Amino acid sequence: MSRYPRRAGRLALRAGSLAAALGLWQLLTTLHVDVWVRFSQFPTVTDVARTFADRLSGPDYWTDLTDSLTRIVTGFLLAAVLGVATGVLVARSRLAEDLLGPVLEVVRPIPAIAMVPVAILLFPSNEQGIVFITFTAAFFPVLVSTRHAVRALTPVWEEAVRTMGGGRWRILRSVVLPGALPGIFGGLSVGIGVSWICVISAEMISGQYGVGYRTWQDYTIVNYPGVFVGMVTIGLLGWLTSTAVELLGRRLTRWLPRTSYVPGARPRPARAQVATNTPEPTTAEEARDEHLV
């Protein structure tokens, strides 16, 4: 069986797939193909690229970019801190679960974008309202993932710390938070994506600057290349922020046992385990799998 390409080969495959998608887009729009969907209404790749270059040379694009990033970072950081804290509290305290659980479960199904009227009524400025909507979008994925990750921890670890004389804070610092990190970062990865969806929608509704606001303005004046520039910008920003969260999560959980994934082949143990010929820690592996569910 041929081995899967290494890093350089994988990067080439990814670049090739992106180039093929752009080439297909250019071909369909240039030929004005209309088969069930109307590609004749789409701008071509060259039209979007030309508009993108014009936007990059102007100040408005960078102002919109800065405003959207400020809103997303502020709301997401608030959601990360409060979501993790609330998730741990609800998972570890029956009193907190009884007091906060019903309220959180009633509010959780409400789409964050439906909170726009509430934000307009609560906050004196649109800026604060957009941050609130971004916070709401990311808060519940982080909360739910943290709660499930904490509850999935094996009791043996906590009992071991208690046996050595550790108190609640020592258990929280040494067992609960490190053990729940994979699940927490799973929630953060979901939360950052949902935050982008909601912040763009909020900017379209009540924003004065931002990528979402500019995209909607382009749509209202029938500037479709500008609309696609906004869509590409949103996609790139979402990808960069999601990648940053994932890399941070990998760095903070580098102590976990990992396997090297090769499609079509059996997983190989991590290098450290091969070198020492020590068996994989089944308990930690099972706990990590529970966190990732």
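**Pocket, cavities and core**

Colleague: Which helix gives the largest share of the lining of the second largest pocket?

Modeller: Helix 1, with five residues. This is a predicted model, so local features need pLDDT of at least 70 and side-chain atom pairs pLDDT 80 or more, while totals for chains, interfaces and linings use all residues. Residues are numbered from 1 along each chain as its sequence is written, and side-chain values use heavy atoms, with hydrogens and water left out.

Colleague: What counts as a pocket or a cavity?

Modeller: On a 1 Å grid over the protein atoms alone, a cavity is a set of points where a 1.4 Å probe fits but cannot get out; a pocket is an open set with protein on both sides within 12 Å along at least five of seven lines; lining residues have an atom within 4 Å of a point. Helices are DSSP runs (H or I, at least four residues), numbered from the N terminus.

Colleague: Which residues line that second largest pocket?

Modeller: R14, S17, L18, L22, W25, V45, V48, A49, F52, V232, L236 and W239. Helix 1 (7–30), helix 2 (45–56) and helix 10 (224–252) each give at least two of the lining residues. The space comes to about 370 Å³, a volume being what is filled by probe spheres set on the grid points, which are joined across faces, edges and corners.

Colleague: And how does that lining divide by class?

Modeller: 10 nonpolar, one polar and one charged. Nonpolar covers Ala, Val, Leu, Ile, Met, Phe, Trp, Tyr, Cys and Pro; charged is Asp, Glu, Lys and Arg; the others, Gly among them, are polar.

Colleague: How many cavities of 30 Å³ or more are there?

Modeller: Two, from a search of the whole structure. Of the 13 residues lining the largest cavity, R55, Y61, V211, R214 and G230 are the closest to its centre. The largest cavity holds about 90 Å³, and its lining has four nonpolar, five polar and four charged residues.

Colleague: New topic. Which residues touch the most other members of the largest nonpolar core?

Modeller: I133, F139, L188 and W196, out of 50 residues. Helix 8 supplies the largest share of this core, 14 residues. Such a core is a set of buried Ala, Val, Leu, Ile, Met, Phe, Trp, Tyr and Cys residues joined through side-chain atoms within 4.5 Å; buried is under 20% relative accessible area, exposed over 50%, partly exposed in between (1.4 Å probe, protein chains only).

Colleague: I133 again. What does I133 touch?

Modeller: A112, V116, A119, C198 and A202, leaving out residues up to four places away in sequence. Contact is heavy atoms within 4.5 Å.

Colleague: Is P182 buried or exposed?

Modeller: P182 is at 10% relative accessibility, so it counts as buried. P182 lies in helix 8. P182 and R250 are 68 residues apart in sequence, yet 8.6 Å apart in space, C-alpha to C-alpha.

Colleague: Last one: what span should helix 10 have?

Modeller: 42 Å, for 29 residues at 1.5 Å a residue, and the end C-alpha atoms are 42 Å apart, which agrees. The expected span is 1.5 Å times one less than the number of residues. Buried residues of helix 10 include P225, F228, T233 and G249, and the cover over its buried residues includes helix 1, helix 2, helix 3, helix 8 and helix 9.
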